[in-house]
Amino acid sequence: MPSRLLPFCNDSIRPASPTPVTITVNGEPMTGVTGQSLAGVILAGGTLGFRHTSVAGRPRGVFCGIGVCYDCLVEVNDQRDVRACQRRAAEGDVVRSQHDPLPAGPGEATPTPGVTAS
Amino acid sequence: MIQVLVIGAGPAGLAAARAARRLGASVTLLDSSDQLGGQFWRHLPAARPAARERILHHGWDTFQSLSATLESDGGCRIIRSANVFALETAAAGPGTVHVIVGAPDGVGRKRLSFSPDAIVLATGAHDRTLPFPGWDLPGVFTGGAAQALAKGERLAVGRRVVVSGAGPFLLPVAASLVAVGSRVLGVYEANRLPALVRGWLPRPWQLLGAWKKGAELGGYARGHLAHRIPYKLGRAVVAAHGTDRVESVTVAEITADWTPIPGTERRIAVDAVCISHGFTPRLELAVAAGCALTLERFVRVDDRQHSSAPGVYAAGEITGIGGVDLALAEGTIAGHAAAGGTIGDRALRTTVRGRRTFQGFAARIEAAHGIRAGWPEMLTSDTIVCRCEEVTYGHLCETAESTGSRSLRAIKLSTRAGLGICQGRICGRSVEELLACRAGGGLVDGVNTDRRPISGTIRLGELAAAVTPADSYRLTSTSESSKGTL
Amino acid sequence: MTNDVIIVGAGIIGAACARSLAAAGCDVTVVDRGTTAGGTSSACEGNLLVSDKGPGYELVLAQYASTLWKAAAVDLTEQLGPQFPSVEYEAKGGLVVATTEAGARVLLDFAASQRSAGVDACVLDADAAHELEPDLTPGITAAVHYPEDAQVQPTIATEALMASARRYGARLLENTPVTGAILDSAGALVGVKTPAGDLRASRVLIAAGPWSGDVAALLGVHLPVRPRRGELLVTSRMPHRIFHKVYDADYVGAVGSDDSALQTSSVIESTAGGTVLIGSSRQQVGFDARLRVDALSEIAAKALRLFPFLAGAAVIRSYGGFRPFMPDHLPVIGEDPRMPGLWHAAGHEGAGIGLSLATAELLTALMLKRPTHLDASPFSAARASLAPHLKAASYAI
Ligand SMILES: Cc1cc2nc3c(=O)[nH]c(=O)nc-3n(C[C@H](O)[C@H](O)[C@H](O)COP(=O)(O)OP(=O)(O)OC[C@H]3O[C@@H](n4cnc5c(N)ncnc54)[C@H](O)[C@@H]3O)c2cc1C
Ligand SMILES: Cc1cc2nc3c(=O)[nH]c(=O)nc-3n(C[C@H](O)[C@H](O)[C@H](O)COP(=O)(O)OP(=O)(O)OC[C@H]3O[C@@H](n4cnc5c(N)ncnc54)[C@H](O)[C@@H]3O)c2cc1C
Ligand code: FES
């Protein structure tokens, strides 16, 4: 687990002892610390890739960390396009990877109307 | 009473708000974050206060006193988690500022709008990272990301990390990483000694002092940094490798104009890499307000920090990358002038003198660390340039060639480069520079990628909703407004 | 007389005319003060519509255009090769819906009149409409499906037409504003002045979009083309949930209206990039491109009436342009009887992308004195409906 939270007892700035916050990410529970961003919780859990891109299906995760690149988009409590690095984790948040396939072009198989890709 | 609206609560915005209050203006201070302090004074959240936060920051006491003064001042309204999504110009005055308040990317947030007498723009900057093969792999971060996660959450983005790019910012990034337990295997500054000497003093370590004015790293990190981490000049990470995440990087020597030198490549196993080639100012609100830009594409201001748009002042990194002390000085002058003060006022004398001292800094950073023209040599035709729309370098060149277009606007629209959700914040300048040398004879349409009429996203339902009258909008408590936000 | 032509304007109209004239053997020079597709043709949507046009001359032109686009999409790909970006032609069809009883009556009557003019306008019941667009509001009162409606990516289409014109031999001068006329002793137009020098040709075609009135004035005649501002919203990419071009029936009213105050009506469609374009407003504010949040807000509110699910969609940008508005709602295509040598292809309002190819064919036939595919007189600068709007006196040069 290369990305990780510094254990608070080792931290020279002496943060207050952490209160845990639990979210689910694609159905798996993950526990972080109150005040952490969703991105921070996911990264500290060892996951770097949050989603797959629309064109080449490549993995993406946090890049800029300050809300400008939109690479860290996730679905939170059924709301799309949430920057995980900007949203603080709230107890019980249901986070899912967001995937936005391109529409099938003319001549390609048309996706079934009403069925959205997972 | 003069109404001053300050956008951005980093060093520049905080200083502007305080200066405007000192002259008795009524001040509203907005920031999209739920914390004050901006990028520089990013700190652990109120939910998790740290006893010795100050050892991580330069000028922490300045920050504490600025924020305490403003928070306890009834004449200064601070609205956190308030993203300015549009700025509309008006026939008279600086225009109307449209704001959405609530959790970032939330739903059903409140819309507010303000038509103040003066606006101070203090929206800061973000890292500029040039494209290179593999930069889209998870595990490749900007320096700012590594620092924000370290300072704001005490999270280390990796265990074995390499820092690369250009500029004095690489050092605090490395220090932040070390302070949360990462092993920094090397810091690679693209520029070479002659450039650094030209811009700075002979000893590059003094950059650290100049940038951070000394002590804020804490003796621990500083000692660690200075003694154990290799700081190499004239080298760069030229490729990142891995399948689903970065596993190693190639570091190579590069020439003075940043062309990689064949045969000098070396692979280093890492689990994260942090890249920063400088900063890009956040200009969209300034552009929307009609502010003229300088040739280097910062907001052009006069000695009162007044832009070319009536009633619109600008301070901090959007007027030039100069560090926190310059941002504080500019903010103070901007706030003072916005509230009706004049530059000759006694109270400003030391600040004006200070600004002059710090101003040379921006020029020196550029001379020493500026991006050099050879960087496209790092790219291969399948290197992604626009991350959002996955537009490759090859596609960009092919389209420019096949259409013969010399219009940035047209090439953007025909390749989708810069049209994605980040709106060219990350790739914009790189796309411009690549096309300027690829489109036959250069670009001629005079368009740039800084115009973004919508600043940050807004939900369609929120845009459709009525504006909450600003005067009836009351913050019940800061914790209410900051719930679930960062 | 030689077949040389100067075209003022490198938007889609100028590009289409250049291509058609050059292919027919004319010696063509296109001049633009900016770049190809630097004006309205990259600040619009790429709808190729018959659905918004009632029986009349514009519909006839649009029906002709619709057949031309199908063929051109294939020809352009063949001519320009696989490196060239695709014009993204897609005959996805339009769905016009009403959400009020009054709107339903107007829409159904309109569709009936269109059918009598040969438009495929198929009335659907609510279930059939929801089969085409499952996420459409349940509260619709009428729906008409127009299978002939199609779209292209307008910037790429303009670039492609211009690239094609150049392969047929047309020349392109960018960054070259036309500043005045060159007249012969008899008062015929024989060229234009530019800062880069004089350009001479036996004919000059104005295809300067909403600026056509200004260019006409520079050359010495009055042409009542006025800008009509339009703004659109772009969402982030989302899973494909909107499959046709979907309009609110009041769009038809807005297109034909003369009102200069803000009007908005919903035009919603997905793009090949996965984003959704949400339009649009119509407002006569001169060439004032200032952002107007109230207009954007109204566009947003109306879109939600059709697709409530869009409430959560993230808006990433707004953009807008100036439609070349004509007081009698028809473009001017052909020679100007007031000044020998002066030709027009201008004033296509909100349909210039769609009408470009038909305009070009008609214009080429007129210039080369060939039989035209359709009656050209309704588009003449001498038509009766335009007369009241033309100022008699020419401008001094
Ligand atoms: C990630 C990062 C880390 C940095 N770390 C260091 C460092 O360690 N040392 C150093 O010397 N310099 C650092 N810098 C440079 C730093 O930006 C400046 O030194 C200093 O913070 C500039 O102050 P400022 O007030 O101009 O801008 P900032 O501190 O960037 O403040 C701008 C504020 O404006 C807000 N804002 C922007 N747009 C909007 C909007 N539309 N609506 C509402 N609010 C908005 C932002 O949320 C932000 O809080 C860093 C920069 C970045 C991007
Ligand atoms: C919001 C909006 C949505 C629209 N949606 C659609 C749609 O879905 N479907 C559709 O068919 N149409 C649509 N339109 C209309 C369509 O965009 C226009 O009708 C069409 O683009 C006009 O093309 P043009 O070539 O005449 O003008 P332009 O593309 O504007 O080109 C005119 C050119 O003339 C040049 N020029 C001006 N003055 C001079 C001078 N003095 N010297 C040299 N050059 C000069 C300009 O630089 C410009 O490049 C829409 C318009 C808007 C604003
Ligand atoms: S990582 Fe860039 S926006 Fe979150």
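**Ligand surroundings and chain interfaces in the predicted model**

Ligand 2 is surrounded by 39 residues, of which C:Asp32, C:Thr40, C:Ser41, C:Glu349 and C:Gly354 are the closest. The model is a predicted one, and the distances reported here are computed from its atoms. Backbone atoms of chain C take part in several polar approaches to ligand 2. A nitrogen atom of ligand 2 lies 2.9 Å from a backbone N or O atom of C:Val178. Oxygen atoms of the ligand are involved in two further approaches, one of them placing an oxygen atom of ligand 2 at 3.0 Å from a backbone N or O atom of C:Gly352, while a polar backbone atom of C:Ala351 is 3.2 Å from an oxygen atom of ligand 2.

The interface of chain A and chain B involves 53 residues from chain A and 65 residues from chain B. About 4,900 Å² is buried between chain A and chain B, with carbon and sulfur atoms giving 55% of this area. On the chain A side, A:Ile13, A:Phe63 and A:Arg88 supply 17% of the area that chain A buries against chain B, which is more than any other three residues.

Polar interactions across this interface comprise 25 residue pairs in polar contact, both residues of each pair being at pLDDT 80 or more, and 4 salt bridges are counted between chain A and chain B. A salt bridge is formed by A:Arg83 with B:Asp105, whose closest N and O atoms are 2.8 Å apart. The side of chain A that touches chain B draws at least two residues from each of β1 (4-5), α1 (38-44), β5 (59-60) and β7 (79-83) of chain A, and the largest share, 5 residues, comes from β7(A). By residue class, this side of chain A divides into 26 nonpolar, 16 polar and 11 charged residues. Strand pairing also links the two chains, in that β1(A) runs antiparallel to strand β10 (residues 155-156) of chain B and is joined to this strand by 2 bridges; within β10(B), B:Leu155 is the bridge partner of A:Leu5.

The contact between chain C and chain A takes 16 residues from chain C and 15 residues from chain A. The area buried between these chains is about 1,200 Å², to which carbon and sulfur atoms contribute 64%. Within chain C, the residues losing the most area to chain A are C:Arg237, C:Pro239 and C:His240, which together account for 43% of what that side buries. Across the interface of chain C and chain A, 0 salt bridges are found, whereas 3 residue pairs are in polar contact, both residues being at pLDDT 80 or more. The side of chain C that touches chain A consists of 7 nonpolar, 6 polar and 3 charged residues.

Conventions: Residues are numbered from 1 along each chain as its sequence is written. Chains are lettered from A and ligands numbered from 1 in the order in which they are written. This is a predicted model: local features need pLDDT of at least 70, side-chain atom pairs count only at pLDDT 80 or more; totals for chains, interfaces and linings use all residues. Side-chain values use heavy atoms; hydrogens and water are left out. Contact means heavy atoms within 4.5 Å. Buried area is the accessible area (1.4 Å probe) that two parts lose on being put together, summed over both. A salt bridge is a side-chain nitrogen of Lys or Arg within 4 Å of a carboxyl oxygen of Asp or Glu. A polar contact is a pair of N or O atoms within 3.5 Å; within protein, one must be able to donate a hydrogen and the other to accept it, and residues adjacent in sequence count only if both atoms are side-chain atoms. Helices (H or I, at least four residues) and strands (E, at least two) are DSSP runs, numbered from the N terminus. Ala, Val, Leu, Ile, Met, Phe, Trp, Tyr, Cys and Pro count as nonpolar, Asp, Glu, Lys and Arg as charged, and the others, Gly among them, as polar. Two strands pair if DSSP finds at least two bridges between them. A residue is near a molecule or strand if one of its heavy atoms lies within 4 Å of it.
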